[in-house]
Amino acid sequence: VQLQASGGGLVQAGGSLRLSCSASGSIFNFPAMGWYRQAPGKQRDLVSFITIGGNSDYADSVKGRFTISRDNAKNTVYLQMNRLKPEDTAVYYCNARRGTGWSSRDYNYWGQGTLVTVSS
């Protein structure tokens, strides 16, 4: 399956963006879908994930500001990002996960990601 993240851009601190992750196949094939981000010089981290049953969880750094959702009919996962901060600046990726917990491993379906830049 191919995953394509989109929706990034330049936004001022306090602003909002909605990222989309479009899958070439059914996202029902995977226990969960995740959004990740990688800031310059840092490792890629899991930001949020949503299970096939619709349960979701978030990293503490984004909890209360980001909302993950999925449209199974469109095979698309979204990340609504509100009250953005400069430290949210990163390339954001989506991927499929092999399980429904934070320690679950990822499939290797990384796409190019989408750049989010938050100016102060």
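Predicted model: local features only at pLDDT ≥ 70, side-chain atom pairs only at ≥ 80, totals over all residues.
**Exercise 1. Overall architecture**

Describe the secondary structure of the chain and decide how its radius of gyration compares with the globule rule.

Solution. Step 1: the chain contains 10 strands and zero helices. Step 2: read from the N terminus, the order of elements is therefore β-β-β-β-β-β-β-β-β-β. Step 3: the radius of gyration is 13 Å, whereas the globule rule gives 14 Å for 120 residues; these values are close, so the chain is as compact as a globular protein of that length. Step 4: the C-alpha trace spans about 40 × 25 × 25 Å along its principal axes. Step 5: 43% of the 120 residues count as buried.

**Exercise 2. A residue of strand 3**

Is L19 buried or exposed, and what distance separates its C-alpha atom from that of Q4?

Solution. Step 1: L19 is located in strand 3 (residues 17-23). Step 2: with a relative accessibility of 0%, L19 falls under the 20% cut-off and is therefore buried. Step 3: L19 and Q4 stand 15 residues apart along the chain, and 10 Å separates their C-alpha atoms.

**Exercise 3. The ring contacts of W110**

Classify the pairing of the W110 ring with Y36 and with Y93, and relate each pair to the chain.

Solution. Step 1: rings pair if their centres lie within 6.5 Å, and planes over 60 degrees apart count as edge-to-face. By this rule, the count is six aromatic pairs. Step 2: the ring centres of Y36 and W110 are 4.7 Å apart and the planes stand at 75°, so this pair is edge-to-face. Step 3: the two residues are 74 residues apart and join distant parts of the chain, with Y36 in strand 4 (residues 32-38) and W110 in the loop between strand 9 (90-97) and strand 10 (114-119). Step 4: Y36 is buried at 3% relative accessibility, whereas W110, at 25%, is partly exposed. Step 5: for Y93 and W110 the ring centres are 6.2 Å apart and the planes are at 90°, so this pair too is edge-to-face. Step 7: the C-alpha atoms of W110 and Y93 are separated by 7.0 Å. Step 8: Y93 has a relative accessible area of 13% and is buried.

**Exercise 4. An aromatic cluster and charges over rings**

Which residues form one aromatic cluster with F30, and which rings have R97 and R98 over them?

Solution. Step 1: the cluster consists of F30, Y107 and Y109. Step 2: the charged end of R98 lies over the ring of Y107, at 4.1 Å from the ring centre. Step 3: R97 is placed over the face of F49, 5.7 Å from the centre of that ring.

**Exercise 5. The largest pocket**

Characterise the largest pocket by its space, its lining residues and their classes.

Solution. Step 1: the largest pocket holds about 170 Å³ of space. Step 2: 13 residues line this pocket, and R37, A39, K42, D45 and E87 lie nearest its centre. Step 3: strand 4 and strand 5 (44-51) each contribute at least two lining residues. Step 4: strand 5 provides the largest share, three residues. Step 5: by class, the lining comprises five nonpolar, four polar and four charged residues.

Terms used. Residues numbered from 1 in each chain as written. Heavy atoms only, no water. Phe/Tyr/Trp six-rings, centres within 6.5 Å; stacked < 30°, edge-to-face > 60°. Helix = DSSP H or I, 4+ residues; strand = E, 2+ residues; numbered from the N terminus. Buried < 20%, exposed > 50% of the residue type's maximum accessible area, 1.4 Å probe, protein only. Lys NZ or Arg CZ within 6 Å of the ring centre and 35° of its normal. 1 Å grid on protein atoms, 1.4 Å probe; cavity = no way out; pocket = protein on both sides within 12 Å on 5 of 7 lines; lining within 4 Å. Points joined across faces, edges and corners; volume = space filled by probe spheres on them. Nonpolar A, V, L, I, M, F, W, Y, C, P; charged D, E, K, R; others polar. Rg over C-alpha atoms; globule rule 2.2 N^0.38 Å.
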